[in-house]
Amino acid sequence: PLGFVESSCRSRIFWMKLNKLLLQGKFFQLEIYDPYSGPVLLDEKLASRCGYVLSEDVWGNPVFRASVLGCHVANEADELFSLTVNIKVSSFSSMRAAVTYTYPMYCSYASWASREIVCEENYMEVSVKTDVPAVSNDYTVAWMSALPETQNVAYQQWQLMFVSPSGRKRITVSDAVKLGYSFNNTLSRVYLRAPYHSNESDVSLVSGVNMNMITSTSMYRQRWLLLLIDTTVSCPVGGISFTDTMLTWTVPRVIPTLVVQESTFLSKSVVMGVDDQVIVNPEEMNYLMEHNETHIRITIPIGAEGGKLESSISGGVYGVIYCIDLFLEHTWMDAGWQTTKYTVIKSITTPFMPQIPTVINNTVPEERRFNVAFGHFLPDVSLVAITVGNVPFSLREAQHHSFKIYETPFSNGTKAFILEVSFDDPYVLKEYVNRNETKYTLLVNYTLSVGLEMTLYYHSAEMECVIADIEVPEAVGSCDEENLYLTLPTFGLHQYWDLYLGNKLLTRHVALSNGYLAASNSTHLILQIPLFSGGLIYEEVSFQKIKARFDVALRKVRTMETLQMFSISCSFNSSAFIICHPDGTIMVSAQMKTVPAIDMSKTKLRDSSCKPKEYNEAHAFFKFHVTTCGTSVRFEGDHIIYENEISYEKETLPGQSIPIITRDSDYRLTVLCYYQAKETLVLGAFSSDPATSRSFGSGIMSPRSNTAAYRRVREALNVVSRVSKDESFMEFYGPSTTILKQPMEPVFLEVELKDESPSVELYLENCWVAGSPDFNNTPRWNIIVDG
């Protein structure tokens with residue numbers, strides 16, 4: 001097929017390349033055509049012995065190289081060379097039904113040096129001229145006496161003598177072939193081809209580079225002519241070093257085993273090449289070739305032109321490998337050999353270099369879309385799937401779901417994969433944070449196909465973006481003659497925030513139990529709080545005026561952190577009321593409704609010393625504590641009821657024991673305050689001002705007959721107290737447990753009277769926290785004062 005084969009003759013080497021694109025999905029074999037015996041299948045053993053190399057270039061194209069002195073090469077006068085190769089291609093690994101393409105190659109090479117050495121990937125080859133003058137009989141005896149081994153050289157038969165660390169070894173050519181060597185002569189040359197690391201070879205260090213060396217002498221005797229040829233060969237097997245950015249190939253400039261008289265050494269030329277092409281100006285490709293008295297050094301940037309970077313996976317880690325095919329030709333002269341041409345062909349592959357991909361978050365918050373770049377990758381990497389959250393998507397499914405995925409190239413030949421996902425996508429995690437911000441989190445797992453092997457590689461990433469896109473609601477308050485109103489936007493309520501009354505979640509049940517009325521539409525919630533309902537705070541109370549405040553806290557749903565307090569404060573004119581404060585303070589505005597009228601200044605409580613704080617013709621205002629003024633207490637179910645009575649003190653004439661008939665009206669008003677028996681009181685740790693305390697309980701005023709108050713005698717009682725962990729009073733702290741509380745945090749305290757006498761009741765007058773059990777210890781933090 002057109003373009004299937006490319007060939008060239010570089011120096012003294014046949015060079016053939018096959019197009020991998022025309023071999024996709026197929027199998028191939030090479031046969032070397034022997035003019036005498038026909039085709040011979042190429043295998044590794046044959047290749048190293050006969051001067052053949054079958055490998056791939058850095059792009060994956062099969063490459064075949066052959067020495068012009070190879071086993072099956074037709075040689076015309078050591079100047080014209082030809083080799084025929086059969087290329088067999090089949091769709092089956094068994095090579096059945098193969099198609100055979102016969103490809104002849106030709107090479108012209110006449111400029112032979114006295115000695116030529118080729119260091120190939122799988123063999124070493126040395127060839128030398130046999131143009132040696134005849135030696136007279138007079139000198140033959142001297143030669144034989146000097147070299148005893150030559151006395152045993154058979155007539156008209158080439159033999160080889162190897163010198164190695166284990167000693168000298170003389171073998172015939174036929175025996176050398178059995179050891180993997182190839183020795184032959186042409187019209188004017190003798191050559192020896194040897195595998196690396198044979199038993200007869202040795203490795204030595206030359207100028208810091210390991211060299212594989214075979215020291216040999218080829219011997220031939222015909223009548224009185226003894227031909228001795230030095231066929232020593234030495235090739236580098238090391239000299240490659242790497243950094244993160246460079247690879248360096250070092251070859252010794254002078255090889256002692258090849259240069260006997262180093263003082264006569266003269267370097268004539270040094271040429272480098274890539275593949276089969278000579279690089280005339282290496283600096284134009286960012287290559288650096290330098291040589292001094294000891295070394296020839298080639299330095300190439302990793303990723304440079306002429307080589308190939310390819311992706312790879314090692315141990316689940318992504319990385320790259322750089323490959324380049326180089327050759328070096330060094331020509332020198334010395335007194336022993338006149339001209340030596342030294343050629344080294346080297347295929348260099350760097351070690352695996354990890355390249356951990358980076359995920360760059362290019363998100364612009366105002367666009368409300370994640371924009372994530374994932375790279376950098378070589379062209380041999382492709383994105384095959386992604387997982388967002390825990391949901392896998394093929395690329396087609398991802399595009400259908402409105403994810404946007406595309407590639408972006410870079411000037412250095414790499415690329416990145418761009419992923420765009422809307423903040424509002426259902427697979428994006430959303431979390432309300434701070435005061436008015438949302439944290440959007442994108443969890444993505446990339447699945448990549450890497451390299452020619454299409455190895456799957458996985459990489460996970462997490463991106464976050466916090467933006468202020470939530471509007472904290474602002475409430476509006478208003479009042480009429482009998483109610484307070486709170487109007488609040490409903491957006492985000494119960495999703496981000498809850499409304500709390502004290503420490504209670506403001507639910508429909510709590511609202512109904514406190515007498516509130518709630519109404520809502522699609523945008524707002526309206527809360528109506530009647531005067532005297534639970535939860536009101538009374539800032540100012542007089543016998544005709546009440547200033548009441550209602551506080552609602554806006555708290556986060558999860559953390560209960562208070563973000564905002566909504567307060568409504570209004571003043572009301574009220575002629576009659578009773579307010580029962582949680583600290584036991586009772587405030588009553590009594591209205592005069594008798595006929596004839598009475599003097600309201602002369603009204604009193606059960607304890608006649610308890611007079612009105614304020615009064616006028618129509619009202620009297622009392623303020624007293626449940627422990628004073630003759631107030632009685634009783635229990636009914638789960639309520640504690642405190643009771644007192646307002647009455648009018650009729651006037652009598654002084655000094656007369658018999659009452660006088662009077663026209664003054666009889667005035668009696670019963671005052672009742674109901675308290676929940678297990679109600680939790682929230683009081684400031686450093687304040688017990690009843691004006692700032694939340695009102696609870698309810699008050700009732702009803703006319704009734706006068707009932708005498710009774711007082712109790714104080715005595716020592718068996719009282720046990722303990723602190724509950726929450727308001728359920730089901731689980732309590734131990735007696736020696738340290739309890740940490742914030743200043744405004746509730747303390748759930750239970751005090752139990754162990755006295756079984758029915759005439760004994762428990763009342764807490766003072767409660768405080770101190771650093772020790774000593775009653776007089778300071779500092780002390782009051783919980784209840786004048787209870």
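Visitor: Where is Cys-629 found?
Guide: Cys-629 sits in the loop between strand S52 (619-625) and strand S53 (632-636). Strands here are DSSP runs (E, at least two residues), numbered from the N terminus. The model is predicted: local features need pLDDT of at least 70, side-chain atom pairs count only at pLDDT 80 or more, and totals for chains, interfaces and linings use all residues. Residues are numbered from 1 along each chain as its sequence is written, and side-chain values use heavy atoms, with hydrogens and water left out.

Visitor: Why is Cys-629 called buried?
Guide: Its relative accessible area is 8%. Buried means under 20%, exposed over 50%, partly exposed in between (1.4 Å probe, protein chains only). So Cys-629 is buried.

Visitor: What is the phi of Cys-629?
Guide: About 60°, a positive value, although Cys-629 is not a glycine. Most residues other than glycine have a negative phi.

Visitor: Why does Ala-97 count as exposed?
Guide: Ala-97 has 65% relative accessibility, so it counts as exposed. Ala-97 lies in the loop between strand S8 (80-90) and strand S9 (99-108).

Visitor: What makes Thr-340 buried?
Guide: Its relative accessibility is 0%, so Thr-340 counts as buried. Thr-340 belongs to strand S28 (residues 338-349).

Visitor: What joins the side chains of Thr-340 and Arg-115?
Guide: A polar contact of 3.2 Å. The term needs a pair of N or O atoms within 3.5 Å; within protein, one must be able to donate a hydrogen and the other to accept it, and residues adjacent in sequence count only if both atoms are side-chain atoms.

Key: Helix = DSSP H or I, 4+ residues; strand = E, 2+ residues; numbered from the N terminus.
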